[in-house]
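Please open the structure in your viewer and keep the selection tool ready.

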Amino acid sequence: MKKNKITILILLAQLMLITSAEARCNLELFRFGSSVQDIEKQLNLGEGGMLPIIAGESKQVVFAPGEEVCKGEKSFEGAPVTFVFLYDQLVEIQTMRLSEQPMLISWAESIYGTKVKKPKSFYDAKPNAQWLWDNFNATIAYSIRPDVNDVVESIIIQSRKHQRYFEKFAKEEEGGLQ
C-alpha cells in the first residue's frame, strides 16, 4: 500500500513537471510552411492584431506583440514577435528584447536545449556574444549585445525545410539589383 502511494506521488510529480515544461511558449507551434492567414487564425488577435511591415509579392513580414503570442511568458513582455513569409509560407520567426539582464536565453534554452560552452564574452559585464544551434526543424540563432545600461537579445528561428525559398528569394533580389 505504501509503495502504491509513493508510486502515485512520483507519477503526479512527473506529470506536473511535464505540464509546466509544455506550458513554455514554443514558437515552432506556429508551423513553418503556414500561410499568413493560417498564423492570423492561430493567434486569434482580431483585426489589427498583426501589423504588416513588408507586404510584397514574394515576401511578407508581420509582427505581433510578444505578450499575445506567448501569453504568460515573462520573457516576451515588450518583445515583438516577427513572422517572415516567403511565397506565403512561414519560413522564419524573430524576436528581440531590450532589458536590464538577459531573459530570452533562459526561454530559448528551455525550448531548444542548453548551450554548454557559451562564449566567454556572454559572461562579461556588457555581454556581446552570438551562437547557433539546430534541431530537427530549425536553425536557431541567438545574439546579445550591450546597449547603454541594458542588453539587447535577439533570437531568429529559421526553417531548415524551406531553404529553397530563401535561395529563390535571394536570386530574385540579386536579379532586381542588376
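In which strand is the place of Ala138? Select Ala138 in this predicted model: the residue belongs to strand 6. Is Ala138 buried or exposed? Its relative accessible area is 0%, and because buried means under 20%, Ala138 counts as buried.

Next, display the surroundings of Ala138. Leaving aside residues up to four places away in sequence, Ala138 touches Glu28, Phe32, Trp133, Ile157, Gln158 and Arg160.

Now turn to the paired strands. Select strand 1 (residues 51-55) together with strand 2; the two run antiparallel and are joined by four bridges. They form a hairpin, with three residues between them. Within this pair, Leu51 has Phe63 of strand 2 as its bridge partner.

Finally, select the interior. In soluble globular proteins, nonpolar side chains tend to be buried together. The largest nonpolar core of this model has 33 residues, and Leu27, Phe30, Val69, Phe83, Trp107 and Ile157 touch the most other members. Among the elements that give two or more residues to this core are helix 2 (36-43), strand 4 (89-99) and strand 7 (150-159). Helix 4 supplies the largest share, five residues. Another core, of eight residues, lies apart from this one; select Leu86, Tyr87, Val91 and Phe166, which are among its members.

Terms used:
Residues numbered from 1 in each chain as written. Predicted model: local features only at pLDDT ≥ 70, side-chain atom pairs only at ≥ 80, totals over all residues. Heavy atoms only, no water. Core = buried A, V, L, I, M, F, W, Y, C linked by side-chain atoms within 4.5 Å. Buried < 20%, exposed > 50% of the residue type's maximum accessible area, 1.4 Å probe, protein only. Contact = heavy atoms within 4.5 Å. Pairing = 2+ DSSP bridges.
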